[in-house]
Amino acid sequence: MLEPRWMKRVGAGLSAAMLISLLAGCGGGSGNSSGSNGNTAANDSAGGNAAANNTASDNNAAANVGSSADKTEGEFVLWTWEPEHKTAMDAFHKMYPNIKVKRVNVSAGDVTKKLQTTIASGGELPDVIRIEAGQKAKIFDMNVLENLEDAPYNTDKGLLFDYDINAFSVDGHLVAIPDDMSIAGIAYLKPLAKQYLGTDDPKQLEAMFPDWNAVIEKGKEVVANSGGKVKMFPGLGDVNTVLRGQRSAPFFDGDKMNTPVLKQLLTDLVNFRDSGIVDKLDQWTPAWNATFAQSKYMFAMSPVWMPQYVIGANDKADGRWGLMVPPSGGYITGGSSHGIPKGAKNAALAWKWIQFTSMTQEGATAQKQDGVFTHFKPAYDDPAFTKWTWPSFGDQDIGEKYFKDISATTKAVPENVNDLLLNDVMNIVLQTLSKDNSFGVDQAFDKIKTELKAKAPNITFE
């Protein structure tokens with residue numbers, strides 16, 4: 001079962017429908033604040049594992065945090081749906097013992113609405129908000145966040161990864177600082193890889209699959225040689241998650257659909273379906289979750305939260321999985337960030353907290369002990385910091401694979417509020433594509449066009 005706090009992060013990269021299914025399957029609820037639940041055993045396990053991987057240098061860095069306490073004092077208000085990471089908060093308070101944090105519980109899906117109603121009523125905005133990836137486009141579209149490149153923030157963009165800049169900017173300026181890593185690779189079942197591909201070595205597999213055409217061609221051989229018992233992916237939704245994240249350009253320029261980008265995605269999805277290497281399971285269903293303990297599918301999408309909260313939760317065996325750079329490079333799925341509303345009374349105090357937790361070595365070290373990897377790029381220059389193993393992946397250093405190899409190939413494209421509408425429509429189209437082989441690219445595009453025009457008449461098409 002997924003731990004509720006991370007459920008919000010998982011859900012950040014998913015459609016509403018998928019998330020509802022996922023939450024239902026775990027007995028959670030999208031409207032619940034995970035913060036009210038506290039950290040569960042799953043989270044404790046994650047934190048414990050990360051802590052187990054900490055090095056002496058990590059601990060020394062954490063211990064040194066309180067050595068030069070700042071005398072700034074005051075209180076700032078944070079809207080969030082989860083409890084702040086204890087180790088990181090303790091480290092912040094050692095550095096800033098006189099800054100208090102007033103946490104206001106607002107569920108991830110309600111942040112946008114609460115911002116709108118507070119502004120409309122002339123109420124007092126918080127000093128900082130946590131932003132779920134699934135709500136990011138809506139909140140960014142409201143134009144209510146401070147430009148964090150302006151004074152007094154003066155963000156050094158060089159402290160973040162290149163793909164963060166596009167993902168968290170509006171009109172070319174950073175308006176939020178990412179909190180937790182959300183880069184994604186491809187996990188593979190080592191026994192199947194060894195049997196049908198001749199190797200379970202990630203480097204050899206990455207060389208074997210430089211692009212998705214290679215996956216399709218090799219996949220046909222795997223399906224034939226296994227008598228149809230083994231396929232490459234459990235469902236078209238998995239393929240869509242990866243290809244969508246790897247698209248070459250945004251789906252929208254304002255309200256204008258970038259039709260060639262969408263049609264290329266649809267063409268690729270149809271090619272995968274027609275090749276016969278993808279099964280018909282819907283993502284985040286019990287049947288889909290069960291596949292991780294089986295030996296029927298070669299690959300699984302694997303954002304950085306998957307090893308603990310999906311693969312490890314569903315497959316109790318150790319060492320069956322490997323992690324590789326995806327064909328065509330890494331992609332982004334999920335994650336959360338922090339932004340400061342314009343007019344926030346205590347913005348400077350809130351900025352000290354964002355800066356400490358997300359843009360310093362001390363913050364990165366403390367967050368790692370809480371089971372969270374931040375976007376503070378310099379931290380990943382130290383292999384001891386990057387090192388991370390997980391039982392499902394045996395002794396493979398998946399930290400090095402995620403934060404060095406996959407990160408180096410990851411790109412991100414900006415999204416706007418229309419992407420959320422497209423996500424909802426794509427969920428419908430994917431189900432039809434998966435189950436009806438006569439449903440082609442043109443039919444899928446026409447369906448999307450009709451549904452989008454009904455939802456948002458302002459959207460135009462090239």
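**Helix 9**

I started with helix 9, residues 190-197, in this predicted model. I took helices (H or I, at least four residues) and strands (E, at least two) as DSSP runs, numbered from the N terminus. I found Lys 190, Leu 192, Ala 193 and Leu 197 buried. Buried means under 20% relative accessible area, exposed over 50%, partly exposed in between (1.4 Å probe, protein chains only). I looked down the axis: the buried residues of helix 9 fall within an arc of 160°, so they line one face of the helix. That arc is taken over the directions from the helix axis to the C-beta atoms. An α-helix has 3.6 residues a turn, so residues three or four places apart point the same way.

I checked the face turned away from the buried side and found Lys 194 and Gln 195 exposed there. What do the buried residues of helix 9 pack against? I listed strand 7 (183-189), helix 10 (202-208), helix 11 (212-225) and strand 11 (321-324). Contact here means heavy atoms within 4.5 Å. Just after helix 9, I noted a positive phi of about 85° at Gly 198.

**Ground rules**

I number residues from 1 along each chain as its sequence is written, and side-chain values use heavy atoms, with hydrogens and water left out. Local features need pLDDT of at least 70 and side-chain atom pairs count only at pLDDT 80 or more, while totals for chains, interfaces and linings use all residues.

**Aromatic pairs**

I paired rings of Phe, Tyr and Trp (its six-membered ring) if their centres lie within 6.5 Å; planes under 30 degrees apart count as stacked, over 60 as edge-to-face and the rest as tilted. I got 23 aromatic pairs by this rule. The rings of Phe 209 and Phe 299 have centres 5.7 Å apart and planes at 85°, so I logged the pair as edge-to-face. Phe 209 lies in the loop between helix 10 and helix 11, and Phe 299 in strand 10 (residues 299-303), so the pair ties together parts 90 residues apart in sequence. Phe 209 and Phe 299 are both buried.

I then took Trp 212 and Phe 272, an edge-to-face pair at 5.8 Å centre to centre with 65° between the planes. Trp 212 sits in helix 11 and Phe 272 in helix 13 (residues 259-275), 60 residues apart. I found both Trp 212 and Phe 272 buried.

I also recorded one aromatic cluster, with Phe 161, Tyr 163, Phe 373, Tyr 380, Phe 385, Trp 388, Tyr 402 and Phe 403.

**Charges over rings**

I counted a charge over a ring if NZ of Lys or CZ of Arg is within 6 Å of the ring centre and within 35 degrees of the ring normal. Lys 368 lies over the face of Phe 385, 5.0 Å from the ring centre. I found the charged end of Lys 449 over the ring of Phe 461, 5.4 Å from its centre.

**Thr 360**

I located Thr 360 in the loop between helix 16 (347-359) and helix 17 (361-369). Is Thr 360 buried or exposed? Its relative accessibility is 19%, so Thr 360 counts as buried. Leaving out residues up to four places away in sequence, I found Thr 360 touching Gln 355 and Phe 376.

**Whole chain**

I counted 21 helices and 14 strands. Buried residues make up 57% of the 462 residues.
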